[in-house]
Amino acid sequence: MGYGNSMSVKSKKKLKRIMRSELCNRCGTCVALSEGKIEFTGREKRYRPKMLEELSDGEADRILNACAGKTFSFPEYREHFYPDPAHFHPYIGPYENIYTGHSTHPGIRLKAGSGGIISSILIYLLEEKMIDGAIVTTMSEDKPWLTKPIIAKTREEILEAAQSKYIITSVNEILAESQGFRGTLAYVGLPGQVQSIRKLQKAGDPTVANIRYIFGPFYGNTLYFSSVRSFIRSYGEKDYRQIRKLWFRYGEWPGNMRVEMKNGRIFELKKFHANYLIPFHILKNSLFCTDFANEFTDLSGGDAWSPKYEERGQGFSIVIPRSRVGLEILENMHRDGWLELSPYTEEESIKMHSHGYDFKKRGSFIRIGMRRIFFRQVPDYGYRLSGFPVSRVLMELLISTLFLLLGTWPSRRMVELLKPAYLGRIFERTRNTWKKSTRSIKRKNL
Ligand SMILES: Cc1cc2nc3c(=O)[nH]c(=O)nc-3n(C[C@H](O)[C@H](O)[C@H](O)COP(=O)(O)OP(=O)(O)OC[C@H]3O[C@@H](n4cnc5c(N)ncnc54)[C@H](O)[C@@H]3O)c2cc1C
């Protein structure tokens, strides 16, 4: 596997520093590889990995090597996994083609986050016997307010796990179980989680030997569990343990955040309005991640945000096959009538998500630069984008200060005194104005 003594005992120290810092994206790999020596604590709070027992030098080296929090070289892993892509763009990553589209099965489309492409692919691979199971993230049965990774082996389980979850997920915890799974697997994860799987694959680690396909959603940000607590508190419910069921994209696209309580009360808020929770509860690691379009998957998908599609509802995705295998699956599914697909250009796709690319490919690098000034730990992605206009840097200062202020305890409590529907409307309007006023800044050099 290539882990030797050369990496030294410093690994343990480095690992502990990452685990304590904002560089930890909570992917769960360290927990899975530690055989019980590392566990997540306080999942309803800061959701941190904690070392319960000292690791051996070998264990520490192996886990550090698989951790993508501090070090993940985009150029090196691109070279290794996508040596000859049809296209490459520094914002989008390597890719074979770009499409917008959706599942042709209305049941899948309605159950999914956007166009149901990811769930359709998993069901197709399962039914074509190209995989025996799929690693996906569902809501926990015991604690329905938390998420849980599972190996889905049926269409029903895949659909139950569909839709985006906007609280912390640690998919890679499943590796402890999935390495013993007999058969081949597809895997679905967020960029940081996928990067760790790629690190394990490159190292030849047996834990991931049965993972054949990697898929994943685009990734703007995720939130601490405090967002859910705050949401129900705004409706006067104090105990999150009374939650019976929780969705983040319930119903027709773009869907609603919906909470059902054991006492029968139901709270539902449009997805765009529920975004008001972001500045108050954003996971800090989201601010230092520079991968918006899940660049290291075989295929990634996002919401097709465009008035043309949004007017029609029902659910539309943008989908980017990155490997030949990803492209082949998509083309076969299209040919067999599983998916509706239309080609989309690189330029259009960047325009569609200029906000997200700006946040990750410009904002993240500026935020990382600010951390460096204060001698805080920074991630090393093996590349840097720079040379942004002063106005963009100033805008970032403003946004970061706002996030800092709104993320404090008093701000979070104060906002709970207002009605979420009212806040959501203000948030949507402010965000639209901000998006419009910054359009030229963001489009510059895109
Ligand atoms: C935290 C988060 C942030 C996102 N931010 C953006 C954004 O800024 N812009 C944008 O265009 N799109 C974003 N997306 C992607 C978008 O919401 C849809 O997931 C995507 O369009 C795929 O839609 P689909 O209908 O094909 O997926 P579905 O068929 O609904 O399948 C989604 C798959 O992703 C898995 N999954 C869901 N949530 C998580 C999670 N948190 N961690 C790991 N696996 C998960 C599910 O288990 C399921 O297998 C985000 C998704 C997530 C989870």
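Q: Which polar side-chain atom lies 3.3 Å from an oxygen atom of the ligand?

A: A polar contact is a pair of N or O atoms within 3.5 Å. Here a polar side-chain atom of Arg249 lies 3.3 Å from a ligand oxygen. The model is predicted: local features need pLDDT of at least 70, side-chain atom pairs count only at pLDDT 80 or more, and totals for chains, interfaces and linings use all residues. Residues are numbered from 1 along each chain as its sequence is written, and side-chain values use heavy atoms, with hydrogens and water left out.

Q: Which polar backbone atoms lie by an oxygen atom and a nitrogen atom of the ligand?

A: A polar backbone atom of Gln163 is 2.8 Å from a ligand oxygen, and one of Gly220 is 3.0 Å from a ligand nitrogen.

Q: At what angle do the axes of helices H3 and H9 cross?

A: Two packed helices are described by the angle and the distance between their axes. Axes are lines fitted to C-alpha atoms, for helices over the stretch in contact, and angles run from 0 to 180 degrees between N-to-C directions. Helices are DSSP runs (H or I, at least four residues), numbered from the N terminus. The axes of H3 (residues 57–66) and H9 (residues 191–202) come within 8 Å and cross at roughly 125 degrees.

Conventions: Helices (H or I, at least four residues) and strands (E, at least two) are DSSP runs, numbered from the N terminus. A polar contact is a pair of N or O atoms within 3.5 Å; within protein, one must be able to donate a hydrogen and the other to accept it, and residues adjacent in sequence count only if both atoms are side-chain atoms.
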